[in-house]
Amino acid sequence: MTIILDGKNTANKIIEELKNKTAELTKKPKLAVILAGNNPASCIYVNNKQKKAHYIGFESVVIPLPEDVTEENILEHIFILNEDTNINAILIQLPLPKGINTQKILEAIDPVKDVDGFTSFNFGRLALGYEPYVYPCTPKGIIRLLDEYNITLAGQNVLVIGRSNIVGKPVSFMLQQRNATVTMANSYTKNLKEPALNSDIIISAAGKAGFITSEFIREGAVIVDVGINRTQNGITGDIDFISAAPKASYITPVPGGIGPMTIAMLMENTYQLFEIQRKFLI
Ligand code: NAD
């Protein structure tokens, strides 16, 4: 029997816990989001994040900047947010408009307000196996969902498809920290089926609609689909769910899997940064 890894339900539980904890606070955690340009998907994501923050009881502010914003202008906003003691968490919605150096922008965030964990301080600590202030949201959401279903990571062969800084790389570090044996694949990987069929767990973050079919899946494997692909049939993942699900022991749906977990982790990270900053002040 295949079990659905229900990200929506798990995320809702986390959100409710945060809401209860936040209700007890006099001063509320505050998230700032910089939204540069008018990428329609980014606007939807930011709107959803803001709604969730308000539902929990956090304060939040969105700073919308035009498509032709300069690097200097974004940096100025970040410096102001870094200095503002009312702001606990800063998120730069990606992708940034063409011509903007993403690395330079992310590096300008004060690591203790880096809610995505993308600065080299936090990412470097993650890579070294030290505790960052917070872990990147999507990888953290993946591991949390697997833990929720008591899926063993230690000693398991895990294939991570995609090596981006947002998903593939950080999740591979987190899995190694949990004693998994990790294989990384990218678009140059030859014969992906070979490592796939040798894997107890497959995590796909390639952004290729339905390209992982049942032929890539060992009987009883755990399948985590991070992909969000806009197709004629709506939003789909990287996994061909219909063919893959019967072979899997556990599988995430798209939507309703890693997407809601990512937002829940963003909210949890906002809360954690608030707490860390509060301790600094004591
Ligand atoms: P990216 O484009 O930065 O990276 C994609 C990676 O996949 C690259 O490393 C590339 O080499 C690899 N790849 C592409 N085709 C491949 C193939 N055929 N075989 C093996 N590797 C291949 O993407 P990203 O930012 O990591 O996002 C990946 C996907 O995850 C996208 O669909 C994105 O929308 C989605 N995503 C979802 C969430 C969420 O909350 N669910 C969060 C972040 C990203």
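In the predicted model, helix H2 makes the greatest contribution to the lining of the largest pocket, supplying eight residues. This pocket has a volume of about 1,300 Å³ and is lined by 46 residues, with Tyr45, Thr138, Ile228, Gly259 and Thr262 lying nearest its centre. Helix H1 (7–23), helix H2 (40–56), strand S4 (89–92), helix H6 (137–148) and helix H10 (258–281) are the elements that each give two or more residues to the lining. By residue class, the lining of the largest pocket comprises 27 nonpolar, 12 polar and seven charged residues.

Nine salt bridges were found in a search of the whole structure. Lys140, Arg144 and Glu268 are linked in a salt-bridge network. Between Glu268 and Arg144, the corresponding distance is 2.6 Å. Because Glu268 lies in helix H10 and Arg144 in helix H6, this pair ties together parts 124 residues apart in sequence. Glu268 has a relative accessible area of 12%, whereas Arg144, at 26%, is partly exposed.

A further salt bridge joins Arg178 to Asp147, with the closest N and O atoms 2.8 Å apart. Arg178 is located in the loop between helix H7 (168–177) and strand S6 (181–185), and Asp147 in helix H6, so the pair ties together parts 31 residues apart in sequence. Arg178 is partly exposed at 33% relative accessibility, as is Asp147 at 30%.

On the surface, Ile4, Phe241 and Ile242 form a nonpolar patch with about 290 Å² of accessible area together. Phe241 belongs to helix H9 (residues 241–244).

Conventions:
Residues numbered from 1 in each chain as written. Predicted model: local features only at pLDDT ≥ 70, side-chain atom pairs only at ≥ 80, totals over all residues. Heavy atoms only, no water. Patch = residues over 30% accessible without salt bridge, like charges linked within 9 Å, V, L, I, M, F, W, Y side chains within 5 Å. Areas by Shrake-Rupley, 256 points an atom, 1.4 Å probe, with all protein chains shown as cover. Salt bridge = Lys/Arg side-chain N within 4 Å of Asp/Glu carboxyl O. Helix = DSSP H or I, 4+ residues; strand = E, 2+ residues; numbered from the N terminus. 1 Å grid on protein atoms, 1.4 Å probe; cavity = no way out; pocket = protein on both sides within 12 Å on 5 of 7 lines; lining within 4 Å. Points joined across faces, edges and corners; volume = space filled by probe spheres on them. Nonpolar A, V, L, I, M, F, W, Y, C, P; charged D, E, K, R; others polar. Buried < 20%, exposed > 50% of the residue type's maximum accessible area, 1.4 Å probe, protein only.
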